[in-house]
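Student: Hi, I have a new model open and would like to talk it through. Can we start with the charged side chains?

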Amino acid sequence: MDQGEKEPVEESAIWNELNAFRTSFNSICKGRSIICNPDILGQLGDTDLRRLSLNLLVALQNLPAINAVPSRTGPGTVESDVLRLLSAVTADNFDFNRVKRLLKEALTDKPRDTLIWELVSSAAVESTPPPRAMPSSTQQTPWSQNTSSFVNSSESRQNVDPVLKQELEHLYVGLPNFHEAFFGDMPELDVVSEAVFRKCTEGDNPLFKEGWSGWPARAKESDVLTWIDGLILKLEVFAGDRISTSPARRKLLAQPRTPLEGSTGKRSMDIGFVDSEITYKPDTTDSRYRWAHILVAGELKSNPKADIPSIAWIDLARYAREVLAAQDTRRFVLGFTLCGPLMRVWEFDRLGGIASEQFDINKEEGGLQFVTTILGFLRMNEEMLGFDPTIITAGGQKYIEIERNGQPERLILGEVMKRAPCIAGRATTCWKAHRKDDPHTPLVIKDSWQYTDRDEEGDLIQEATEKGAINVARYYHHETVRVRHSDDEIRNNVRKRLDVTKATNYRSGRAMLPSSTSALSISRKGRSSSSGVKRPSSETDAALPPSKRSCSASPTKPNPDALSNRIHRRVILRDYGKPIYKASSRAALLAALVGCIEGHESLHKAGFLHRDISINNLMMNENKENPSWRAFLIDLDLAIREHRDGASGAMGKTGTRAFMAIGALLGEQHSFMHDLESFFWVLFWICIHYNGPDDSRPVQRFEKWNYAETAELAELKKGQVSHEQDFIRTTSEYFTTLYTPLIPWVNKLRKVVFPNGRRWEKEDNRLYLRMKDVLHDAITDPAAASPSVATTP
């Protein structure tokens with residue numbers, strides 16, 4: 001303070017008001033059998049120091065000078081500093097070293113009032129966290145959501161469709177040269193198609209004369225299906241064996257009222273193509289058509305005006321998502337829309353979707369293009385249809401070949417561990433695998449589509465392994481997948497260099513899949529009158545608010561003119577396990593959670609921030625013969641080196657919303673503290689949704705966590721943890737039978753992660769230890785850690 005600041009302070013005024021404070025100190029010393037001397041403050045615990053601090057601050061509140069002495073921390077008086085300190089010292093994680101000098105001065109025989117106020121201000125400054133860092137376009141990768149982030153969801157269309165529209169923010173149609181790009185590898189196709197179409201125009205009763213013979217005037221779905229089915233048989237006869245690209249025969253699938261097996265929600269498809277040898281037996285589960293059978297997907301609408309984003313496009317996209325999710329080696333999916341006589345051919349990949357120019361199949365040029373498209377779908381080989389040619393099937397086995405340390409290796413693929421159900425995104429797929437010459441040592445092969453601007457996940461894992469990070473999946477090999485002697489990336493390889501800026505609907509910076517308020521009337525006209533399990537598109541065509549088109553937390557939206565690209569990466573790991581929600585017992589779950597927290601701490605010390613803690617990224621190993629870590633983290637695709645200078649440069653970052661920390665949902669710069677909070681949400685979620693390793697359920701109250709806007713979800717989570725009795729009531733109602741004994745321990749963990757029911761205010765590495773201590777104590781509690789597991793009814 002300068003001289004002017006000292007004038008309002010009446011020296012010794014404080015001493016006269018500290019009787020209760022000194023009495024409290026004397027009582028503490030007497031109870032501890034120690035000499036009442038200010039020097040013994042270092043021997044007191046936090047409980048005693050909190051009691052002393054509160055008594056002192058309450059006494060200071062009663063002094064007239066509190067409203068006269070200017071604060072050193074900002075505008076106003078020291079009253080604001082006292083109030084701030086009163087709030088701070090009640091927190092479980094308050095550091096009492098910050099007030100010991102203040103306490104000592106107040107306990108002297110002649111405390112200096114001026115110094116007391118200075119020490120109050122200094123302690124208030126230290127105990128007040130700096131403003132929470134907010135992300136900027138140069139600091140943090142923006143958030144986005146896609147349909148792979150749903151957890152324990154029933155995936156009803158009313159919830160899925162809005163998120164799918166966000167995921168497919170950029171759909172481009174009317175691309176020139178689409179046919180050459182995706183059908184051009186069949187050199188005989190155009191010649192044969194011309195001959196077949198010419199055949200269709202010949203004779204006394206030609207199949208095509210100013211339009212196709214027998215084309216349904218109203219284009220009702222059932223009538224169009226019957227017409228196409230009959231026409232395809234004739235086209236195949238005309239073509240014969242002159243197109244020999246695919247050795248397999250194909251057929252049309254037209255069962256729009258019958259749901260296909262293999263999806264979470266009940267889904268059917270209008271029309272598509274499958275291999276001929278697949279047969280349908282409605283009374284036999286194994287012989288029903290599945291999404292895994294679909295080679296080409298199609299969508300029919302009777303109304304030509306339905307060829308818009310909110311109707312035909314989103315319906316076809318819904319099918320493409322199911323196909324990609326069900327087929328673990330699929331890189332992209334081809335499809336078509338037929339709205340009345342107006343047709344487009346589509347391609348869906350990990351950037352979104354693109355489509356051909358629209359053509360009228362009842363006009364001569366369009367009729368020829370229709371024949372070419374159908375014959376192409378019937379004769380394409382698997383690579384042309386979007387299957388990964390680097391995954392080879394022979395002798396009943398799938399395998400890949402890599403070169404490691406200068407030597408070739410063959411890795412045999414086993415079970416599919418994970419396949420992310422989305423169109424656009426990383427689309428992670430993991431397989432259990434082993435070397436051909438070592439079937440007993442497990443490996444994990446992970447394929448994903450990373451933004452080209454991001455650090456390679458393989459590099460991060462290799463560096464973490466070399467730095468000795470524990471309980472983090474260890475490095476074996478990584479590479480960029482190459483197809484046709486080129487890096488397998490979307491724009492140049494999958495899309496064959498098609499230029500989306502030439503699309504008829506390309507607009508710089510504009511979303512291509514908005515909801516349309518006009519969709520209601522069009523959809524009702526565009527659908528056939530046939531009934532079935534599918535609901536009209538109009539049920540989910542309500543306009544989305546702008547905030548739901550992107551979950552970007554960045555104040556500056558990345559410029560989509562810098563056209564994004566994704567590249568196919570392959571990482572091979574030395575650790576294999578199962579997600580922790582498949583734990584065989586409560587004790588196993590808790591021990592695995594401790595191990596994963598230790599892995600995160602080790603990764604943090606090695607200089608990495610994980611940023612995607614979720615139930616699928618926390619793994620455990622209960623097989624004593626498996627040499628992998630007992631518990632470990634996987635998936636560093638969203639991880640960053642903690643001292644990087646800027647954002648990854650990627651267009652978006654996807655996380656699992658149910659487990660995001662409150663601050664992360666609100667757009668704060670990501671901290672290791674956010675990840676530690678995510679561990680709490682993982683445990684909370686498992687206890688609600690799982691009743692054993694193979695017994696899970698959706699819970700309606702928490703279903704919304706998959707779909708709510710980020711700010712709304714942050715408020716939901718705040719309300720969940722802010723009040724102890726409310727938290728106990730919720731967990732008592734919703735925890736499964738298996739995990740009900742953990743309620744007291746999850747509550748204790750809540751109090752550690754959210755002191756006083758509030759989210760953290762400052763970074764504190766000691767939170768690692770506090771969380772592990774709670775979990776270790778829970779493991780030793782016989783009631784909580786009993787080995788019993790509920791069986792699936």
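Tutor: Happy to! This is a predicted model. Let's begin with Asp-437, which counts as exposed because its relative accessibility is 67%.

Student: Which residue does Asp-437 form a salt bridge with?

Tutor: Its partner is Arg-435, with the closest N and O atoms 4.0 Å apart.

Student: And how many salt bridges does the structure hold?

Tutor: There are 48. One of them joins Lys-104 and Asp-39, whose closest N and O atoms are 3.1 Å apart. That pair links distant parts of the chain, 65 residues apart. Lys-104 is in helix H5 (residues 100-107), while Asp-39 is in the loop between helix H2 (19-32) and helix H3 (46-61).

Student: Is Asp-39 buried or exposed?

Tutor: Asp-39 is exposed, because its relative accessibility is 56% and the cut-off is over 50%. Lys-104, at 39%, counts as partly exposed.

Student: What about Glu-401 and Arg-410?

Tutor: Their side chains meet in a salt bridge at 2.8 Å, N to O. Glu-401 is partly exposed at 47% relative accessibility, and Arg-410 is partly exposed too, at 29%.

Student: Which residues are linked in a network of salt bridges?

Tutor: Arg-426, Lys-446, Glu-457, Asp-612, Asp-635 and Asp-637 are linked that way.

Student: Switching topic: how many residues are in the largest nonpolar core?

Tutor: It has 66 residues, and Phe-679 and Phe-680 have the most contacts inside it. Helix H19 (residues 672-689) supplies the largest share, 13 residues.

Student: What does Phe-680 touch?

Tutor: Leaving aside residues up to four places away in sequence, its contacts include Val-721, Phe-727, Leu-749, Arg-750 and Met-771. A second, separate core has 61 residues, among them Tyr-172, Ile-228, Met-343 and Val-494.

Student: Now the sheet. In what order do the 7 strands run?

Tutor: The order is S10-S11-S12-S13-S14-S18-S15, in an open sheet with antiparallel pairing. From one strand to the next, the twist averages 35 degrees.

Student: Which are the edge strands?

Tutor: Strand S10 (392-394) and strand S15 (475-480), each pairing on one side only. S15 pairs with strand S18 (residues 566-573) over 5 bridges, in the antiparallel sense. Within that pairing, Glu-479 has Arg-570 in S18 as its bridge partner.

Student: And where does helix H14 lie?

Tutor: Helix H14 (residues 457-466) lies across strand S14 (438-451), S15 and S18, and runs at about 160 degrees to S15.

Methods: Residues are numbered from 1 along each chain as its sequence is written. This is a predicted model: local features need pLDDT of at least 70, side-chain atom pairs count only at pLDDT 80 or more; totals for chains, interfaces and linings use all residues. Side-chain values use heavy atoms; hydrogens and water are left out. Helices (H or I, at least four residues) and strands (E, at least two) are DSSP runs, numbered from the N terminus. Buried means under 20% relative accessible area, exposed over 50%, partly exposed in between (1.4 Å probe, protein chains only). A nonpolar core is a set of buried Ala, Val, Leu, Ile, Met, Phe, Trp, Tyr and Cys residues joined through side-chain atoms within 4.5 Å. Contact means heavy atoms within 4.5 Å. Two strands pair if DSSP finds at least two bridges between them. Axes are lines fitted to C-alpha atoms, for helices over the stretch in contact, and angles run from 0 to 180 degrees between N-to-C directions.
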